[in-house]
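Me: Could you walk me through this one? I'd like to start with the strands and then jump around a bit.

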Amino acid sequence: MTTAAGFSLKRQLLLWLLLPQLILWLMGGVLAFRVAMTYAEKAIDQSLTQSVRSLARQVKPFGSGLLVDFPKAAQDILEQDPKDRVSYMVSSPPGSFLLGNSKLPGPPADATPTSSEPVLYNVELDGKTMRVATIDVSFGEGPTQQRMRVQVAKSLSVQESIARELVRDVLFPLLLLGAFMSFLVFAGIQRGLAPLQRLEAQLAHRNAAALSPIEMTQAPEEVHSLATALNQLLTTLRRSLSQEKRFLNDAAHQLRTPLAGLISQTELAMQEKEPEALQRRLAKVHTGAQRSAHLVHQLLSLARTEAEVALLPVDAAALAREVAREWTPRAVAAGVDLGYEGEESLTVPADKLLLREALSNLLDNAIRYAGRGTTVTLRALHRDGQCVLEVEDNGPGLSPSDLQHVFERFWRASEMPGGCGLGLAIVAEIAQRHGGAAIALGAHPQGLLIRLQLRGTL
Amino acid sequence: MSHLLIVEDDELLRDGLCAQLMRAGHNVSSAVDGAQAQSMLETTRFDAVILDLGLPVIDGVAVLKWIRQRLAALPVLVLTARDGIEDRVQGLNAGADDYLTKPFDMAELLARLQAMLRRSRMPAFGGTLEVQGAANKRLRLDPNLPLGWLDDEPMELTRREWSLLSLLVGNLGQVVGREDVLAVWQSEPTETGTGASNALEVYVHRLRRKLQDSGLSIRNVRGLGYMLEMDPP
């Protein structure tokens with residue numbers, strides 16, 4: 001298993017759950033500020049519009065001049081707040097100062113103020129942003145008609161302070177809520193990941209010998225299925241380990257016997273004075289050594305059947321003939337008539353090396369035990385969608401009770417030298433690795449037939 | 001008599017091999033590791049090398065590659081204790097002519113060695129195929145022309161009879177499959193009056209007659225093919 005540097009499930013969950021909250025909070029702040037600014041501007045515009053209209057009504061034409069009926073009270077209202085200073089200016093014709101407390105610039109060129117609807121715009125005055133409402137009023141009649149401009153302005157700093165206050169009022173509770181939710185998220189993650197930590201605690205400090213299943217009583221579905229999968233793996237591992245241990249044990253014990261024989265024979269040979277007796281001892285030593293060699297070879301093949309197999313298309317019929325040809329000189333020397341019958345070609349998914357080993361073992365077995373003057377036939381057949389490989393001999397055969405044991409490891413039907421009781425066990429193992437089976441039958445009128453059924457022909 | 005080099009680090013096995021090969025009539029030298037083998041190969045001419053793959057100092061595969069760079073035609077028989085398919089492929093890829101897995105049958109080793117020496121003395125159809133039957137009768141076949149001699153008496157052989165007999169002699173004591181014979185025949189010009197594949201039996205029958213009293217006989221191996229055997233003395 002690999003761990004990406006810095007990758008933690010908890011950290012990931014925290015990041016992805018808290019990041020949206022932070023974004024929400026920031027967006028909320030920006031939006032609240034903008035909304036507050038809009039509303040504050042509207043409120044200022046409304047009050048300016050009212051003020052400019054009222055002021056315009058107070059300025060009345062008087063003869064050829066103007067009379068400004070500006071009561072002290074009204075003036076006080078206009079100049080009430082020194083911080084939130086309200087400026088006003090009356091000019092006639094528009095632009096030439098008549099009265100007021102400040103010099104205010106005119107509206108933008110593209111806007112034409114009327115007597116009813118004021119034009120509203122921003123100006124910079126003494127480094128401050130001011131909102132200005134302007135109306136133009138006509139007075140006098142006929143050729144003496146003149147225009148008068150009335151302007152009222154208010155600093156926009158008011159608007160900003162209102163907006164800031166509003167945002168503060170909204171964001172502070174949101175911040176508290178966010179902190180509380182973050183705490184909930186963190187607690188939730190802790191709680192959710194706890195079963196994984198328990199699983200880890202169960203698995204840590206285990207060694208190869210401790211392969212008992214993991215106990216998970218309370219766990220969410222996902223962790224449960226993970227634990228179940230792990231338990232299945234542990235069970236398989238336990239089984240294969242115990243098999244291996246048993247095999248190693250068996251192998252060591254089986255090797256002890258021929259080695260003990262060898263040692264006793266060589267000891268005797270060293271004391272032997274007579275050349276002929278020495279010869280006999282040496283012949284026995286040779287047989288014993290050959291038997292050990294054969295046993296080691298078979299043990300290795302058995303170990304190989306337990307490795308991974310790669311099933312590729314193999315012409316089983318051609319392979320069978322090839323193996324039979326290799327065994328022919330041995331068969332001839334043993335006085336056995338070895339032959340092949342069956343398909344010309346028969347392609348099956350198989351591991352060629354293992355299949356060759358199985359066929360070799362079958363022929364070795366038959367040639368070894370059938371005896372001089374017998375007939376051994378290897379067949380590769382296509383039967384009911386299966387590939388059948390079989391070796392039949394007309395030797396002495398086995399009793400029905402013995403037939404049940406032929407595929408057991410280290411089981412031997414006779415004490416004939418050379419055998420180690422693994423050949424047919426290997427054959428059965430190889431058949432299983434190919435998804436098939438090996439069966440032992442009596443032949444007619446006598447003899448032994450070992451059949452390998454492999455699943456799926458191509 | 002051939003001069004053989006045995007490279008094997010296990011003393012028991014090296015000693016046994018030397019003794020057996022000397023008894024079989026070879027001139028035998030031995031080396032205990034790769035470095036010694038290389039220095040011997042540099043100074044002496046050998047007919048074949050029997051090489052263990054698991055050697056100390058310089059391992060067998062490295063020695064094999066070294067040999068192939070200098071002495072391309074020298075036959076090498078590899079001995080290995082590992083029998084995994086990868087090891088075999090590695091050995092053969094590195095240039096072994098043949099291999100045997102330990103432990104092996106001495107008779108098997110002698111037969112493989114003999115075959116290897118025979119092949120190396122017959123570079124690509126250069127020499128005659130020759131086999132000594134029982135009763136000291138000698139069968140010789142020309143490698144290119146349908147000619148054969150039994151004890152220096154010319155044999156009457158058709159082209160197909162000659163190619164079948166060549167196959168059998170080249171694989172003395174081993175089974176030659178029907179398909180192998182037919183494949184060889186197919187690559188040759190057709191003989192008048194024949195052509196059917198079941199004629200193989202007819203040819204074998206004719207050859208058997210011609211090999212009478214030669215000490216050699218052709219065995220029919222059921223469903224597998226034919227095998228040339230030396231009659232027991």
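Reply: Two strands count as paired here if DSSP finds at least two bridges between them. In this predicted model, strand β3 (residues 86-91) of chain A is joined to β4(A) by three bridges, and the two run antiparallel.

Me: Which residue stands opposite A:Val90 in β4(A)?
Reply: That is A:Leu99.

Me: And what order do the five strands of the open sheet take?
Reply: In chain A the order is β4-β3-β7-β6-β5, with antiparallel pairing. Because β4 (97-100) and β5 (119-125) of chain A each have a single partner strand, they stand at the edges, and one side of each has no neighbour in the sheet. On average, neighbouring strands of this sheet are turned by 25° against each other, direction ignored.

Me: Which strands does α1 of chain A lie across?
Reply: Helix α1 (residues 9-58) lies across β3, β5, β6 (128-139) and β7 (146-155) of chain A, and runs at about 145° to β7(A).

Me: Switching topic, how many residues does each chain bring to the contact?
Reply: Chain A gives 13 residues and chain B gives 13 residues. On the side of chain A that touches chain B, the elements that give two or more residues are α5 (275-305), α6 (316-333) and β9 (337-342) of chain A, and the residues of that side divide into seven nonpolar, two polar and four charged.

Me: Where is A:Asp384, and is it buried or exposed?
Reply: A:Asp384 lies in the loop between β11 (375-383) and β12 (386-393) of chain A, and has a positive phi of about 50° although it is not a glycine. A:Asp384 is exposed, because 6 other C-beta atoms lie within 10 Å, and 12 or fewer counts as exposed.

Key
Residues numbered from 1 in each chain as written. Chains lettered and ligands numbered in written order. Predicted model: local features only at pLDDT ≥ 70, side-chain atom pairs only at ≥ 80, totals over all residues. Contact = placed C-beta atoms within 7 Å. Helix = DSSP H or I, 4+ residues; strand = E, 2+ residues; numbered from the N terminus. Nonpolar A, V, L, I, M, F, W, Y, C, P; charged D, E, K, R; others polar. Axes fitted to C-alpha atoms, helices over the stretch in contact; angles between N-to-C directions. Buried ≥ 20, exposed ≤ 12 C-beta atoms within 10 Å, placed from the backbone.
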